[in-house]
Amino acid sequence: LARQTSGNGVTRFDPETGLRHADARRIEAELWHALDKGEIHVLYQPQVRLSDRKLIGAEALIRWIHPKLGFVSPQDFVTIAEANGFIEQLGCWVLTRACRDALSWPGELTVAVNVAPLQFQRGDIVGAVRDALSQSGLSPKRLHLEITESAFLNPSPDVFAKMADLKALGISLALDDFGTGYSSFGYLARFPLDKIKVDQMFVRSLMENPASRAIVHSVKALCKGLGIAMICEGVETEEQVVFLKDIGCEQGQGYLFGKPQTSSDLIDMAEGAREPLPA
Ligand code: C2E
Ligand code: MG
Ligand code: MG
Ligand code: MG
């Protein structure tokens, strides 16, 4: 990439993404066409039951390979898409793609789709989910939505209504990146959540940091009390698995179990066509 400088020779960065200002503007301009040009695709990262490492589902993660810029981080282009309004279209596309792909997976494997806070708050997320389910024919039991805490900051009555409508469709709701945002225990009781997804920040530091162990342990107690499931993301080592199983965490996701991969690779994994996971 050419170095982007302002007149005084200083590189300017986009405050939202930390990208070079010119790259951020380019991404913003070209994102609208990236879908049509087939530059955006979806990979799936395995989610396993920790007791026996059985594959139970996968999280859909979008990828954009820009012809000039190369790999663009989803964190960055989702932020940009939220700012320019493209998120609604992008979010609907991922939802439909993920439901269609999951339909060809064996058994009852679930697919978890991320929903950006803005798409949840402002967009017609209920309509988008209903359309994706009916167009694909996927059973709603197999669809999970991952929503971050910031979607529930100052929740309007509308947000409660949307959650109730989504639950009525028969899908599951997971709270993503738990512990990094605006954690308020108040809403946990009021929202119809099925699962809490503990942020990888806590998992990464489990072994070195007693505070992380205490936090993850108490989140498990919280989930148990609320009668909901717990999944830890960013699991990379056997030591972490031992600790997580020990405290009763049911599910895990991370490079130890598998990287984000194509739908067909996930099917191979589910059918045991590839190397079985280490016991
Ligand atoms: P997220 O939903 O919390 O996704 C987890 C991120 O952690 C993914 O990064 C995943 O590749 C990465 N990861 C998984 N296991 C490990 C591990 O063991 N170690 C480490 N170091 N990292 C791991 P990715 O794919 O870059 O996505 C980043 C974020 O972008 C996601 O965070 C999510 O917030 C957003 N995103 C991705 N796809 C979508 C999408 O389709 N829609 C929306 N709205 N946001 C998306
Ligand atoms: Mg997620
Ligand atoms: Mg997460
Ligand atoms: Mg995250």
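**Close-up views of a predicted model**

**View 1. Donors of the magnesium ion (ligand 2).** Along the chain, the donors of this ion follow the spacing E-x54-N-x31-E-x29-D; donors are N, O and S atoms within 2.8 Å of the metal (3.2 Å for Na, K and Ca), and water is not among the atoms, so sites may look incomplete. The model is predicted: local features need pLDDT of at least 70 and side-chain atom pairs count only at pLDDT 80 or more, while totals for chains, interfaces and linings use all residues. Residues are numbered from 1 along each chain as its sequence is written, chains are lettered from A and ligands numbered from 1 in the order in which they are written, and side-chain values use heavy atoms, leaving out hydrogens and water. The coordinating atoms belong to E59 (OE), N114 (OD1), E146 (OE) and D176 (OD), at 2.0 to 2.2 Å. Distant parts of the chain are linked here, with E59 in strand β2 (residues 54–66) and N114 in strand β4 (residues 110–115), 55 residues apart. Strands (E, at least two residues) and helices (H or I, at least four) are DSSP runs, numbered from the N terminus. E59 counts as buried because its relative accessibility is 4%, whereas N114, at 31%, counts as partly exposed. Buried means under 20% relative accessible area, exposed over 50%, and partly exposed in between (1.4 Å probe, protein chains only).

**View 2. The magnesium ion (ligand 3) and its neighbour, the magnesium ion (ligand 2).** The two ions are 3.8 Å apart, and D176 coordinates both. Protein donors of ligand 3 are D176 (OD), D177 (OD), E233 (OE) and E233 (OE), lying 2.1 to 2.4 Å from it. In sequence, these donor residues are spaced D-D-x55-E. D176 has 5% relative accessibility and therefore counts as buried; D177, at 23%, counts as partly exposed.

**View 3. Packing of helix α3 against helix α5.** Helix α3 (residues 87–103) and helix α5 (residues 125–136) pack at an angle of about 30°, their axes 9 Å apart. Axes are lines fitted to C-alpha atoms, for helices over the stretch in contact, and angles run from 0 to 180 degrees between N-to-C directions. The contact (heavy atoms within 4.5 Å) involves C92, L95, T96, C99, R100 and L103 of α3, together with A128, V129, A132, Q135 and S136 of α5.

**View 4. Surroundings of L143.** Not counting residues up to four places away in sequence, L143 touches L95, C99, V111, V113, V129, L133, L138, I171 and S172.
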